[in-house]
Amino acid sequence: MNQIDPARGIHVAISANAVDELVAYCREHYDGTLVTIVSDTNTYAALGRRVHDAISRAGFETINLVLTGEEITAGAEYILRVLLGSSTGDQLFLAVGSGTVTDITRYTAFRTRNPYIAVPTAPSVDGFISVSAPLIVGGMKETFPTSAPVAVFADLPTLAAAPQTMIAAGVGDILGKFTSLADWNLSHLLHDEPYSAAVEARVRRALDACVAAIDAIAARGEDGIRALMHSLLESGIGMLEFGDSRPASGAEHHCSHYWEMKLLREHKPALLHGAKVGVATALIAQRYARLRALTRDELIDLLEASELEPRDQQIAEIERVYGTAAEDIQRIQTPYLDMTPLEYMALKQRILDQWTQVQPILETVPPPETIVDMLNRLGGASSAEALGLDDETVVEAQRYGHYLRDRFTVMKLTKAIGLPLTSD
Ligand SMILES: [Zn+2]
C-alpha cells in the first residue's frame, strides 16, 4: 500500500523496502533538514541502525537517540531525555519503534513545533497515526493533544520479525473494534452521541480484513502482516477523520485503561496495550451475548424493576475505587451522576422503544468464544489469567471501567437495564 490519506495529507507506505522509500521521501520534502532519530535498544537493533545509516549516507545531518532503561515509559524522564538530546532548532523527528517510542517522540515533536515520521517496528497498536499521546504524569496516565505524523513508513520484513506477543497485541487492538463499533452505534442510537457512517465503514473494513487474515498473520506471511498493519493504520485514520477515539475505543478500552491504571498504582510492569484490549474484548463480548439472549418480556420486567443508582452511592464507589483520581473521574461522569429520575425513566423508555434497532447492533459482536479462539490462533494471551491479572482485578474493570469515560457503551446500557456488569 502506498497512498496519501486525502483528509490529512499523511503519506502512508507499507513496503518490503520502507527504508529506501523513507530516504527518498526525506530527500524530497526535508532536504537539508537536521534529522533526529529516536529509538530504544531493541528497536535500534531491529531497524533504527539501518534507518540511521541510510539517512546519514543520504547526506543528512543526524542526531541518533537510543533510549535505554529497564522499562521505557512515555513519561517525564524519557521526554526530557529526548528534549535534552535533540536540537534546539528546526529538525525532523523519526520515531523508530512501537507505541511508547512513538508517543514520546510525537509529544516532543509537537511541543518543539517540529514534524515527525512514524517508523513502526511492530504491528502492535493502532496509535501510530494519532493526534494524541497517552503520557504518564504523576503516576497517572493522561492523554494530551499532539500533531499527526507527516508520514508513516512501515517495513514489512521488520514487522514480520517482531515478537509474536506484539503481533498478537496488534490483532487484539483490532478485535476491540467489534465492541467499540457496536458501543458507538449504541451511543448514537440511545444517547445521541456524534457518529459517522463513513468512518464506521472505514474502520469495519479494516476489522474485517484483519479477521480474514488471522491465519496469514499467525504465519507471519508478508500478506498477513501487511493486512494487519494496514488495518491498524486505517483504524488510526478513522479516529483522526472523526475527531475523537469513539470509532476505535469503547468499553473494552475502558477495561484495559482500568487495568493499566491499577498496574501503574501498584508499580507493576505494564502490559502491552493490545494484549489487554484483546482479553477485554472477550469480556465485553459476554455482555453483548447476555443482552442478545434477552427476550422482550424479560427486558420489560428488568426495566420496570431497574432503579437509578443514587448519586451519592456512585460517588462513594468512584472515591473508593479510584482514590486520588476520583475527582477527575467525577468530573468526567457528571452527565451520568447528574441524571434525574425523569431522565432515567426517559432513557429506559427509549431502550424499550428502540429495542428492535438495538438487536442488529448486538448481533455485530461475535460470541466471546470466537474472540478467544482468534486470540489463541495468534498465540496471544486469550484470558486475564494469561496476562497475570487476578479475578478481583478482572471483576473491578468490568464494574468500574465505565466510569473512566462519559461515553454510552454496552456497560452503561447493561447498567440501565439492571443486569449485572460481570459474568458471575
Ligand atoms: Zn487501542
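Two strands are taken to pair if DSSP finds at least two bridges between them. In this predicted model, strand 7 (residues 132-137) and strand 8 (residues 140-145) pair in the antiparallel sense over six bridges. Ser132 has Pro145 of strand 8 as its bridge partner. The two strands form a hairpin with two residues between them, and Gly138 in the turn has a positive phi of about 55°.

Helix 6 (164-191) packs against helix 9 (residues 222-242) at an angle of about 50°, and the axes of the two helices are 10 Å apart. Angles from 65 to 115 degrees count as roughly perpendicular and those under 35 as roughly parallel; helix 6 and helix 9 are therefore oblique to each other. The crossing of helix 6 past helix 9 is left-handed. On the side of helix 6, the contact is made by Gly170, Val171, Asp173, Ile174 and Lys177; helix 9 contributes Leu228, Ser231, Leu232 and Ser235.

Helix 6 is also a packing partner of helix 17, whose buried residues pack against helix 6 and helix 11. In helix 17 (residues 355-362), the buried residues are Val358, Ile361 and Leu362. Viewed down the axis of helix 17, these residues fall within an arc of 95°, so they line one face of the helix. Thr356, Gln357 and Pro360 are exposed and lie on the face turned away from the buried side.

Helix 11 (273-292) is likewise among the elements against which the buried residues of helix 20 pack; the others are helix 10 (251-265), helix 13 (311-322) and helix 19 (384-387). Within helix 20 (residues 391-400), Val394, Ala397, Gln398 and Tyr400 are buried.

Methods
Residues are numbered from 1 along each chain as its sequence is written. This is a predicted model: local features need pLDDT of at least 70, side-chain atom pairs count only at pLDDT 80 or more; totals for chains, interfaces and linings use all residues. A residue is buried if 20 or more other C-beta atoms lie within 10 Å of its own, exposed if 12 or fewer, and partly exposed in between; C-beta atoms are placed from the backbone. Helices (H or I, at least four residues) and strands (E, at least two) are DSSP runs, numbered from the N terminus. Two residues are in contact if their C-beta atoms, placed from the backbone, lie within 7 Å. The arc is that of the directions from the helix axis to the C-beta atoms. Axes are lines fitted to C-alpha atoms, for helices over the stretch in contact, and angles run from 0 to 180 degrees between N-to-C directions. Angles under 35 degrees count as roughly parallel, over 145 as roughly antiparallel, 65 to 115 as roughly perpendicular and the rest as oblique. A crossing is left-handed if the near helix is turned anticlockwise from the far one by less than a right angle, and right-handed if clockwise.
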